[in-house]
Amino acid sequence: MVPTIGDIYCVYVESLQQYAACQVTGLKETGSKGSRQLAAILQLDWSGDQPPDETELLDMKPLICSFYFWKSRLDHSFVNAEVPPHYVLAGNRAPLVTEQTNSYGGAWQIGNSLYRQREWELIDETRRIQFKKATEDFEEISVGNQKMRRNSSVIRNFRPNSIEDVAELAKLPCLTDIQMDGYSESLILFLNKDPVINELHITNHGQKSMDLSKSHLTKLVIDGSGLEHLTLNTKIKSLNFTGNLSPGLCIDAHEDGKWLTLNVAASLPHINGIPRLGGLYIREITELDLAPLVKCYPELTELRLWGKPGNLIHLESIQHLKALQEFSTYDLFGFIGEQFPDPEELPKLSKLWLTSLPAEAAKSIKTRYKKVAASGLELEISKPRKPEWLAENLTNPFRDWDGRDHIKSAHAKKAAQLYKQCLKEIRQLAQSQISNEFIQKQLSSMVETYTQTFNKMDSKTGFIETIEREEIYVVLASLLDQLEQELGNERTIKVNREALYEAFDQLRDF
């Protein structure tokens, strides 16, 4: 549904535990042929336990944002004009502002700025004044062994060794984000005292237990290696783990993780203490079974999955996530369209983004969700992948090289690209109507390029060891297998594999 200028919508905002409101101040067409309509949304300075009545509607005012680096300005931006299905029309009145905005947003995220403004106003006024005054201070100062501007909001590569090192942070009144390597107990005390610092990135901390319950952090990125117990404060919304998680990791989180979004790599995190987890992001997936995931975290409202690329098993299991509002995948396969739940099985779904998925599944899901999208569901299904793409990328035999300790990422990518090029040549040869002699000549050229490419990569770093050497040979054999299979038994053309293997052995330097 497209709104009318002047419409005021409200929605229940979990972080506020109240309804918040916005007003539509304008509409415009965009795209090459006006294919997409946008609505200008103004956040309002109002909240209530119930949707607003007529009197409240007339008293509403724009939200003036002054938190952190915002300078008493409006939160006013263009978004997709389709009103999300869970938004409630409260009424209509003349737009509260007439100036057109030049800002663009992704979605109707009503209430976020109101929540941040109210949290900011809870900070001691003296500290807020100190912060605001320092935002205009560009003087270069020394903080430990680093040269920084006094108004810097982020300190990187912070390596505290003493209380004095941590005390240096007080020179930065606008500091909101600390990125550190190592650990100091005095840093925790510093975080507990400063309500402005809301983000911490910490690696190589060497701690089994960490208590951040008295801090004011809203985002934590932490190395999970060796960590067995983590106590969070009530305000942390984003928890991102790097490294390998300890099997018995326990997290103490507000309301068992209901307000928390967890970001991890590769596999399902088995973490004690957060059975009511609200959001889960899993990246670098090669294979993921969704059935145990749904069982572990049945109250998820948001689930985002990124493949390496990879495969999903039991996709149909997400039908049991009845509170799910947002679901997205990228570079994930191994499923068919029929496995994806029908719209009525995900009653609260407001956003569905699927990028790089099996072509058949993309078509099926888009067809079934087209009607719901017309009613406000934010639907984006793109990059449907055909079997040929999967053969080159998902089952690329060199994809496992990416991530091995002794292999550079650039070498892993070059090997994968080389395989794709060889596979393309194999397919072209299989479809050509040419002589046995010409095919053998082309194969010899391909083998030479294949072998010399690895020679060049290995010449400086010597990364090709016994396992990699065997893999390179096996991949070459599999390419020739595919050619012979596509040529078929009825073809008179035969591949002289022995000559090709001999050329490979003579050319290789690894």
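Here are some questions and answers on how the labels for this predicted model come about.

Q: What makes a feature of this model count?
A: The model is predicted, so local features need pLDDT of at least 70 and side-chain atom pairs count only at pLDDT 80 or more, while totals for chains, interfaces and linings use all residues. Residues are numbered from 1 along each chain as its sequence is written, and side-chain values use heavy atoms, with hydrogens and water left out.

Q: How many helices and strands does the protein have, and what makes a stretch one or the other?
A: The protein has 12 helices and 23 strands.

Q: Why is strand β6 called largely enclosed?
A: Buried means under 20% relative accessible area (1.4 Å probe, protein chains only), exposed means over 50%, and partly exposed is in between. In β6 (residues 76-80), 4 of the 5 residues are buried, so the rest of the structure largely encloses this strand. Across the protein, buried residues make up 47% of the 510 residues.

Q: How do you know that β3 and β6 pair?
A: Two strands pair if DSSP finds at least two bridges between them. β3 (residues 36-48) and β6 are joined by 5 bridges, so they pass that cut-off, and they run antiparallel. One of the contacts to look up is Ala39, whose bridge partner in β6 is Val79.

Q: What makes β13 and β17 edge strands?
A: The open sheet has 3 strands in the order β13-β15-β17, with parallel pairing. β13 (209-211) and β17 (250-252) each have a single partner strand, so one side of each has no neighbour in the sheet. On average, neighbouring strands here are turned by 5° against each other, direction ignored; axes are lines fitted to C-alpha atoms (for helices, over the stretch in contact), and angles run from 0 to 180 degrees between N-to-C directions. Strand β15 (residues 229-231) is joined to β17 by 3 bridges, and Thr231 stands opposite Asp252 in β17.

Q: What makes the phi values of Gln17 and Asn157 worth a look?
A: Most residues other than glycine have a negative phi. Gln17, not a glycine, has a positive phi of about 60°, and it lies in the loop between β1 (7-13) and β2 (18-30). Asn157, also not a glycine, has a positive phi of about 55° and sits in strand β10 (residues 154-158).

Q: Which omega goes with calling the bond from Lys308 to Pro309 cis?
A: Omega is near 10° for this peptide bond. Pro309 belongs to strand β20 (residues 302-313).

Q: How do you know which residues Pro62 touches?
A: Contact means heavy atoms within 4.5 Å. Leaving out residues up to four places away in sequence, Pro62 touches Leu42, Gln43, Leu44, Asp45, Leu74, Leu96 and Val97. Pro62 is in the loop between α1 (54-59) and β4 (64-65).

How values were computed:
Helices (H or I, at least four residues) and strands (E, at least two) are DSSP runs, numbered from the N terminus.
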